[in-house]
Amino acid sequence: RYSLFYNRLKNIEESEGGLDKFSKCYKTFGVNQFVDGGIYCKEWAPGAEAVFLAGDFNGWNPFSHPYKKMEYGKWELFIPPGQDGYPSVPHGSKLKVVIRAQNGELLYRISPWARYVVRDEDKVNYDWVHWNPPQSYIHKHPSPKRLKSLRIYESHVGIASPEGKVASYKNFTYNVLPRIKDLGYNCVQLMAIMEHAYYASFGYQVTSFFAASSRYGTPDDLKEMIDVAHSMGITVLLDVVHSHASKNSEDGLNEFDGTDSCFFHSGPKGTHRLWDSRLFDYANWEVLRFLLSNLRMWIEDYRFDGFRFDGITSMLYHHHGIGTGFSGDYNEYFGLHVDEDALCYLMLANHMINFLHPECITIAEDVSGMPALCRPIAEGGVGFDYRLAMAIPDKWIQIIKELKDEDWNMGNIVYTLTNRRYEEKYIAYAESHDQALVGDKTLAFRLMDAEMYTNMSVLSPLTPVIDRGIQLHKMIRLITHALGGESYLNFMGNEFGHPEWLDFPRRGNNESYHYARRQFNLTEDHLLRYRFLNTFDRDMNKSEERFGWLASPPAFVSEKHESNKVIAFERAGLIFIFNFHPHQSYVDYRVVIWHSSLIVIFKYKILLDSDAAEYGGHQRLDHSAEYFSEEYPHNDRPNSLMV
């Protein structure tokens, strides 16, 4: 794999003048304005017979501005400035690339490199709008330094409001970012930013890869949002979709030049049969140029600090993970079923990002467990910084759904939370947007279900269902946070047990926005119990910020007691003790401490207590109590203490 990567990189260096020049094409492809007002246009359309530019600027004459055919399927056009010196293509004017296909048909297309596309309310398809304002937004704040501990707030701009509408970049900037900061998250991961014609696709059916979604505002609004996040010390990641593309042709990449092979594999190989989308040809030189330039544009123009690569499993294998289980056997990860071209692209992407912008972070979303995804490329790895621990949320769902409380297996919980390859960094999470979507249930909804509608008020009795749900919600999140990885992720709203599910407006729900929103207002009502979960989540993150357990070596697990239902472990100098027993409390319970000193006596105090009153607990522990280590062997360690 390293040999394939090295040879491809060497070819780029020799034929293109280096990776820097090769990946900088977002500045030349599409429609770009020179300082003197001239317009330079460039497209790749290998299957086209002729290419023209039409739009408001020439009265939509499809033939007045023909491109010149260059080698390797490229086309170029230069439009000089007008007699008044102003650009011939004004800012805000609508454009189309007109393709004469091989059968003579004229196709009106949006440039794959378009920076801004909009859809009028009375139209189905998006229109390409030339974005070149007289004064673009200027970033004022530097990007935060690379974080040691990532606490990620997974977010969607459009649903980030209690109101039933598409929320804006401005709303996120001034109403949501302060909330994220207050909760102790230091990183926001933005979904559905790359333009997608179908809102209900959650942003995973991308139509315009270089355009920030206009349904939330302008490109400058997004730049301001990222700049404000940086001023708060918040790192901003983009959920990038390079695993597939929408099948739309009128306002997408599909059949851009009139053939089915432009950007994608031809025939059945170029279609994902479950997602009904197109699959990139990662061996194609111009596809590599397009995708690498895309990453670079988001970093350099918008100042994103890195990416979460979506759908990596589909890219890594020719079978795309469809109908395939992964047991961890190494034969599943090496062989002819692996798409080495896609793997090589991911290595090139990580190499480029690390070479040009070493402060940036990359995350892989892979369900298969491909070895060495997060190891350096020089070792034959793929070069990602983190990978998602996708088995953890599945385990919590399985436990809550299938087991009685007294049947919870402590050893199995610990195994799932610690089962990761040494020196590959994992992002732990109890639930993400996947569990919030319609058809699934969040942890809070699985735990409390219908009683969330009637018994979340402090004025109503604390029922056993609500009490159990609130306590387990906190415990599940803390043990996942502390034991499950080297980073932590939460989907917006789930930190306080957001009720109901997430469902975007579509025909099936009469285009309703009722479930396409986040009711942050629930945490501000002191008569509702949601504030307890919100406060606990905040203090959990603040504790990690103070002690840095995510950046510490893996935990030492000292106890997995099945009959007592107790899990105890030590990490970053802290002792974590969880009692999952449904009804049994313990007095004078002995737990191991890692320190083996026979001279020094260590004193411990309670740092975070899920049973505290401010978290909706029963306040059964005395926080003024002090606990001292003693030379008393327990669980094969020389020292312990009583709690």
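**Close-up views of a predicted model**

Figure 1. When residues up to four places away in sequence are not counted, histidine 139 touches Lys223, Asp227, Asp301, Tyr302 and Arg303.

**Figure 2. Glutamate 286 and its side-chain partners.** Helix α5, which spans residues 285-300, contains glutamate 286. The relative accessibility of glutamate 286 is 6%, so this residue counts as buried. Two polar contacts of its side chain are shown. One joins the side chain of glutamate 286 to that of lysine 74 at 3.0 Å; the other joins the side chain of glutamate 286 to that of arginine 289 at 2.7 Å. With neighbours within four places in sequence left aside, the residues in contact with glutamate 286 are Phe29, Trp44 and Lys74.

**Figure 3. Glutamate 224 in helix α4.** Glutamate 224 is part of helix α4, residues 219-231. Because its relative accessibility is 12%, glutamate 224 counts as buried. Apart from neighbours within four places in sequence, glutamate 224 is in contact with Tyr137, Lys170 and Tyr174.

**Figure 4. Tyrosine 604 in strand β26.** Strand β26 includes tyrosine 604. Tyrosine 604 counts as buried because its relative accessibility is 14%. Neighbours within four places in sequence aside, tyrosine 604 is in contact with Glu570, Gly573, Ile575, Ile593, His595, Ala625, Glu626, Tyr627 and Leu641. Tyrosine 604 and arginine 375 are 229 residues apart in sequence, and from C-alpha to C-alpha they are 37 Å apart in space.

**Figure 5. The largest pocket and its lining.** The volume of the largest pocket is about 1600 Å³. Its lining comprises 46 residues, and those nearest the centre of the pocket are Ile577, Asn579, Asp609, Ser610 and Leu621. At least two lining residues are supplied by each of α12 (464-483), α13 (530-547), β24 (574-579) and β26 (603-604). Helix α12 provides the largest share of this lining, with seven residues. By residue class, the lining of the largest pocket holds 26 nonpolar, 10 polar and 10 charged residues.

Figure 6. About 40 Å³ is the volume of the second largest cavity. Ser143, Pro144, Lys145, Arg146, Leu147, Thr235, Asp305, Glu359 and Ile361 line this second largest cavity. The lining of the second largest cavity contains three nonpolar, two polar and four charged residues.

**Figure 7. Two loop residues with positive phi.** Most residues other than glycine have a negative phi. Tryptophan 60, which is not a glycine, has a positive phi of about 60 degrees. The loop that holds tryptophan 60 lies between β3 (50-55) and β4 (68-69). With a relative accessible area of 34%, tryptophan 60 is partly exposed. Histidine 320 also has a positive phi, near 60 degrees, and is a residue other than glycine. Histidine 320 is located in the loop between α6 (312-316) and α7 (340-356).

**Figure 8. The two domains of the chain.** The protein chain is divided into domain 1, residues 30-111, and domain 2, residues 556-642. Taken over C-alpha atoms, the centres of domain 1 and domain 2 are separated by 69 Å.

How values were computed:
Residues are numbered from 1 along each chain as its sequence is written. This is a predicted model: local features need pLDDT of at least 70, side-chain atom pairs count only at pLDDT 80 or more; totals for chains, interfaces and linings use all residues. Side-chain values use heavy atoms; hydrogens and water are left out. Helices (H or I, at least four residues) and strands (E, at least two) are DSSP runs, numbered from the N terminus. Buried means under 20% relative accessible area, exposed over 50%, partly exposed in between (1.4 Å probe, protein chains only). A polar contact is a pair of N or O atoms within 3.5 Å; within protein, one must be able to donate a hydrogen and the other to accept it, and residues adjacent in sequence count only if both atoms are side-chain atoms. Contact means heavy atoms within 4.5 Å. Domain bounds come from an automatic or database domain assignment. On a 1 Å grid over the protein atoms alone, a cavity is a set of points where a 1.4 Å probe fits but cannot get out, and a pocket is an open set with protein on both sides within 12 Å along at least five of seven lines; lining residues have an atom within 4 Å of a point. Grid points are joined across faces, edges and corners, and a volume is the space filled by probe spheres set on the points. Ala, Val, Leu, Ile, Met, Phe, Trp, Tyr, Cys and Pro count as nonpolar, Asp, Glu, Lys and Arg as charged, and the others, Gly among them, as polar.
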